[in-house]
Amino acid sequence: MRARAHRHRLVSVLTVTLLSTALSVAGSPAHADQRTEQNPPDRIAQQITDGLQLAQRGAASPGGLNFDPSLALLPAEARGKVNFLQADVDRGARGKLRAAQRNLAGLTAATPYTEKEAVGTLGANDTVPTAERIAGFGTGARQNSAVGIAGDLADDPNIPTLPAGSEDNGSIPLAFDTGVSGARQAVRTTGVIGDGPHGSAGDGHGDFDFYKVSGVPSGVPLTIDVGAQGDFNAIARLYDANGGTVFWADDPSSGNVSVSLALPTTGDYYLMVSGSGPNIGSPTDPNDPASGTGAGSEGAYSLKLSTQQGGDQDVYGVDLKAGDVVGATVTGSGHHLSFYDAVGTELMGSTLDASGSYASASPLPGGGNATVDLVAPRAGRYYLAVSNGVGAYRAELEAYRPGTEVERKGTVQTLFLDFDGARVNTSIFGSGGAQHDLSPLSAFLPGWGLGPADENKVIDAVVASVKENIATDLAKKGTDPHFAVRVLNSRDNPDPFGRPDVSRVVVGGTIAESGIPTIGISSSIDPGNYGHEDTALVLLDLLSAATPNPNSLNSYLGPQSDKIGFIGRGLGNIITHEIGHYSGNWHTDQFDDTANLMDQGGNIAQMLGIGADGIGGTADDVDVDFTTDSYTPQEPFTGFEDTLNTTAWGYSRGLG
């Protein structure tokens, strides 16, 4: 019998839906399912996990998505069409590569810490008030900045067990209804592959067991644990209500499947369990139980389905200084991490490895089942919670000071706004390695009804907007006493990009020129600002398009508008959004009542600060700033993000 490993291979076979001919993503396969099954993807990530290969792949997306949407301000028409689930899988593969490369750098081993709650029990450290404090952790001279937590998650005795579903349950119409609906529910059951009418003892087409989960909201994590018995090698495949594949997963080394992912849309889902074989154990038509092409591995299994965190949760408290940059990752049985503040507010929760979006220079850990990051806005006690699993886990918790703060005394980060056009290698955005020439700002002035004589006025307004958002607000409102930043531009200053501590935003270019279907995109999400020499793009074709176009600044202009003031503030906000990414911020909710410079694309009117009159450049326009806001539900994080202080601490003056 094989040893059961705590590792799984997760494969997503969805691709980006084409937005239009102009926004088509190059290289998207016409028959993704067929290609995926013939050539199972994620091989590079699996080889990295196994320590067999360390290929230099840059930021290219192993799963095929040609850019990382978490780095982008997407057009309105992209909402619901860009496949964020595929992006999560791709990001996890990049995170494994980054973690493997990071480990080769010979980092100092973490100080061990063993959970005090007895193995197999729960309730002792399940909440913030009952958390175990890890003494001596931090960034001080005599503190441990890296801790390896060895813990164990106990099984939840309150999860109901259902009798095994009766055959034939081999298709979506015949699926066994688990009764799990919405969020915060879980069930267990058992099954056998091979006992149905289409197994090896029947017609030999292959036995499949389908399970229905109803009405799960978008963004809620669905956790699937299949425990294979004996030599059975299980495969789990999730379908949506239309029979489209959401993901499939298997682990030949253990036979088990353990997956936790936020679902892309609200609706009914159907889990198929089968056995591996020459045909990957899947039907050709999930609505036809006899559509398999041959029986694969057969045997008994246990199944746990959950849309709740539930069960055991282990919480650990640490004392941090203001500005400490903290990251955590978990391997083994844990599949969910959260950071909390002292009053129990969730600051970031995650069920995936997001470290593939970090800057390559970032020291933060990754490569596990889930990662979280935090820039402490003020000194105090913060909490790391591990959950969503049963059995042993290891959590890595590491803390650092911001990247610019540890530079030589007096170092100040420069942000360079390039209005002259530029040549950019788009591999930094996860979109292949081609060089692209981007047009300057001046080429887009006619789209707003402006001419060459207006260019300086637009640049003045843009620079003023960025300086107000970054230099003025962060110094005035942030908690970083050493905040300092320099904002330069291509009209008034020689191009400094390429020198140390200079990041840039190229303001110009089009989707066709860049090859990326977006409005803006940044090279990384970098809590603590360790990259120092980042690039972002703000493309101007959609923003200057003729009306009607929901992405165009023209759509919000009227006869009473201060046109140049509005264009300057709008471009400045979008530029600041991309700077906010390479300063460490993820996307916030663009459809809630809080206007935030880090709001995700799709509601550009809120980003532009359009007031109640629906017209830009008028007296009721809103000054949109960095603030505290909930994460966007389109991306797989929960909690409240303090984008103000995350950005402010990314620009600490060097203290030497």
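## Ground rules and overview

Two strands count as paired here if DSSP finds at least two bridges between them. Helices (H or I, at least four residues) and strands (E, at least two) are DSSP runs, numbered from the N terminus. You are looking at a predicted model, in which local features need pLDDT of at least 70, side-chain atom pairs count only at pLDDT 80 or more, and totals for chains, interfaces and linings use all residues. Residues are numbered from 1 along each chain as its sequence is written, and side-chain values use heavy atoms, with hydrogens and water left out.

The chain holds eight helices and 31 strands. Of its 656 residues, 60% count as buried, where buried means under 20% relative accessible area, exposed over 50%, and partly exposed in between (1.4 Å probe, protein chains only). Contact means heavy atoms within 4.5 Å. Among contacts in the chain with a separation of 6 or more, 78% come from residues 24 or more positions apart.

## Strand β16 and its two partners

Let's begin with strand β16, residues 325-332, which is mostly covered: seven of its eight residues are buried. Strand β19 (residues 370-375) pairs with β16 in the antiparallel sense over six bridges, and here V330 has A370 of β19 as its bridge partner.

Strand β21 (residues 391-400) also pairs with β16 in the antiparallel sense, over eight bridges. As background, strands of a sheet pair through backbone hydrogen bonds, either parallel or antiparallel.

D418 sits in strand β22. This aspartate is buried yet has no salt bridge, and the nearest side chain of opposite charge, R504, is 4.8 Å away. For charge, Lys and Arg count as positive and Asp and Glu as negative, while His and the chain ends are not counted. A salt bridge is a side-chain nitrogen of Lys or Arg within 4 Å of a carboxyl oxygen of Asp or Glu. The D418 side chain does reach the backbone nitrogen of D420, at 3.0 Å. Leaving out residues up to four places away in sequence, D418 touches S490, D495, V505, V506 and V507.

N573 belongs to helix α6 (residues 563-581) and is buried, with a relative accessible area of 1%. N573 and V466 are 107 residues apart in sequence, but 6.9 Å apart in space, C-alpha to C-alpha. Leaving out residues up to four places away in sequence, N573 touches S465, N469, L597, M607, L608 and V624.

## Salt bridges

By the salt-bridge rule, the count comes to twelve. One of them joins D319 and R133, with the closest N and O atoms 3.0 Å apart. D319 lies in strand β15 (residues 313-320) and R133 in strand β4 (residues 132-133), so the pair ties together parts that are 186 residues apart in sequence. Both ends are partly exposed: D319 has a relative accessible area of 29%, and R133 one of 43%. R133, D319 and R381 are linked in a network of salt bridges.

Another salt bridge forms between R394 and E396, whose closest N and O atoms are 2.5 Å apart; R394 is partly exposed, at 34% relative accessibility. R569 and D621 also meet through their side chains in a salt bridge, at 2.7 Å from N to O. R569 is in helix α6 and D621 in the loop between α7 (604-608) and β29 (628-630), so this pair ties together parts that are 52 residues apart in sequence. D621 counts as buried, at 17% relative accessibility.

Definitions and conventions:
A polar contact is a pair of N or O atoms within 3.5 Å; within protein, one must be able to donate a hydrogen and the other to accept it, and residues adjacent in sequence count only if both atoms are side-chain atoms.
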